[in-house]
Amino acid sequence: MLKNQTNYFQQKLLLWHKLENKRELPWKGEKDVYRIWLSEIILQQTRAAQGWNYYERFLQTYPTIEKLAKAPLEDVYKLWEGLGYYTRCRNLHATAQKIVFELKGEFPKTYDEILKLKGIGPYTAAAIASFAYNLPHAVVDGNVFRVLSRFFGETTATDSSAGKKLFEQLANDCIDKSNAAVYNQAIMDFGATICKPDNPLCNSCALNKKCVALKKEMVMHLPVKEKQLKQRSRWFVFFVLEYKGRFAVQQRTEKDVWQNLYQFPAMEFHIEKEWKTFLKLKNILQAQTLFTSAAAKQTAITKPVVQKLSHQTIHAVAVLVKVPALKKQMKQVQWKTKAELKQLPFPKIMHQLMQGKVMELF
Ligand code: SF4
């Protein structure tokens with residue numbers, strides 16, 4: 001029974017891909033392993049539409065893995081700016097260096113060797129192994145969990161250890177082993193365009209005749225997840241300090257969001273009420289004495305902006321301060337001109353803030 005169901009799934013999926021799949025992506029059908037790897041790293045936490053532009057800019061700037069390996073890390077960060085999840089960028093650069101300087105420029109050719117590279121988990125290793133070398137490894141990610149759990153009516157939680165094993169087995173039972181690259185592309189496109197998280201196109205779906213979730217009216221209840229991701233909120237005030245035409249910035253070195261990126265000196269609050277109280281003018285002016293030795297002139301405060309990350313929500317405002325004199329203890333601060341600021345990688349929220357009242361600065 002399951003064999004019939006997996007055969008039906010594979011055949012219908014491949015037929016849909018051949019006849020109906022209209023999804024266009026710049027890396028589709030690509031055989032160059034450097035380009036495949038680059039696209040897969042970009043796509044790890046990013047929607048294809050957003051990643052497209054970054055992929056093309058990376059290839060223009062670093063057309064080969066050698067060029068990427070030899071580039072300063074800060075330049076690579078600058079190009080990655082706005083894409084988020086910056087660990088990917090650090091790993092991308094480290095892996096490029098490993099391949100060029102330790103592996104003589106040869107990208108590994110087996111699934112197990114690819115999996116050993118920094119920043120590459122089972123999903124990305126399967127994608128690279130199948131797309132570049134047509135090796136029979138099925139991709140298993142959120143899209144694939146959703147498609148398989150719905151089509152097979154599988155209610156085991158996808159984030160449980162039993163679920164992970166079960167779905168990996170199911171995915172490898174379904175794959176067309178002689179045509180792994182095409183199959184993996186088909187299931188990814190199918191999950192992104194037909195069996196979507198919200199509003200799946202069940203009425204016109206090429207697999208709907210045997211879809212268990214559709215038959216049992218469980219489509220919107222699948223896939224099942226054991227743990228809901230805990231969200232936490234953080235509140236920031238960034239001080240845009242200007243002193244003699246230069247601006248204070250710091251590099252974030254701690255293991256936290258935006259590691260290695262730059263920011264304006266900041267204060268963080270963990271309780272919204274405290275953040276709101278702080279934003280009263282009198283308190284802000286008092287806080288400025290942290291940075292200055294003379295009464296500073298506050299010139300602008302931005303509207304609050306919000307950025308949602310996968311596990312935290314960031315709220316922030318920026319206060320623009322013209323600093324008449326400096327305090328000595330402003331360590332770990334670099335003073336940059338406007339032109340120099342443009343060369344530094346900042347988190348997306350900093351750009352959102354800059355487009356507020358402090359925009360005229362840049
Ligand atoms: S019928 Fe609906 S739930 Fe089933 S595979 Fe197709 S789109 Fe997904």
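What distance separates the centres of domain 1 and domain 2, taken over C-alpha atoms? In this predicted model, the two centres lie 37 Å apart, and the domain assignment of the protein chain places domain 1 at residues 2-221 and domain 2 at residues 232-361.

The two domains also touch, with 8 residues of domain 1 in contact with 9 residues of domain 2. On the side of domain 1 that touches domain 2, helix H5, which spans residues 73-80, gives the most, contributing 3 residues. That side of domain 1 divides by residue class into 4 charged, 2 polar and 2 nonpolar residues.

**Helix packing and the ligand shell**

Helix H9, formed by residues 142-152, packs with helix H11, formed by residues 180-193, at an angle of about 80°, and their axes are 9 Å apart. Because angles of 65 to 115 degrees count as roughly perpendicular, H9 and H11 are described as roughly perpendicular to each other. The residues of the contact of H9 with H11 comprise 6 nonpolar, 2 polar and 1 charged.

The ligand has 14 residues around it, of which Arg150, Cys195, Cys202, Cys205 and Cys211 come nearest. H9 and helix H12 (212-215) are the elements that give two or more residues to this shell. By class, the shell around the ligand holds 12 nonpolar residues, together with 1 polar and 1 charged.

**Strand E1 and its partners**

Strand E1 covers residues 232-243 and pairs with strand E7, residues 312-322, in the parallel sense, whereas its pairing with strand E4, residues 266-269, is antiparallel. A further antiparallel pairing joins E1 to strand E2, residues 246-251. The table sets out these pairings together with one pair of opposing residues for each.

| Pairing | Sense | Bridges | Opposing residues |
|---|---|---|---|
| E1 with E7 | parallel | 11 bridges | Trp235 and His315 |
| E1 with E4 | antiparallel | 4 bridges | Phe238 and Ala266 |
| E1 with E2 | antiparallel | 2 bridges | Tyr243 and Arg246 |

E1 and E2 form a hairpin in which 2 residues lie between the strands, and Lys244 in the turn has a positive phi of about 50°.

Conventions:
Residues numbered from 1 in each chain as written. Predicted model: local features only at pLDDT ≥ 70, side-chain atom pairs only at ≥ 80, totals over all residues. Axes fitted to C-alpha atoms, helices over the stretch in contact; angles between N-to-C directions. Parallel < 35°, antiparallel > 145°, perpendicular 65-115°, else oblique. Nonpolar A, V, L, I, M, F, W, Y, C, P; charged D, E, K, R; others polar. Domains from an automatic or database assignment. Contact = placed C-beta atoms within 7 Å. Near = placed C-beta within 6 Å. Pairing = 2+ DSSP bridges.
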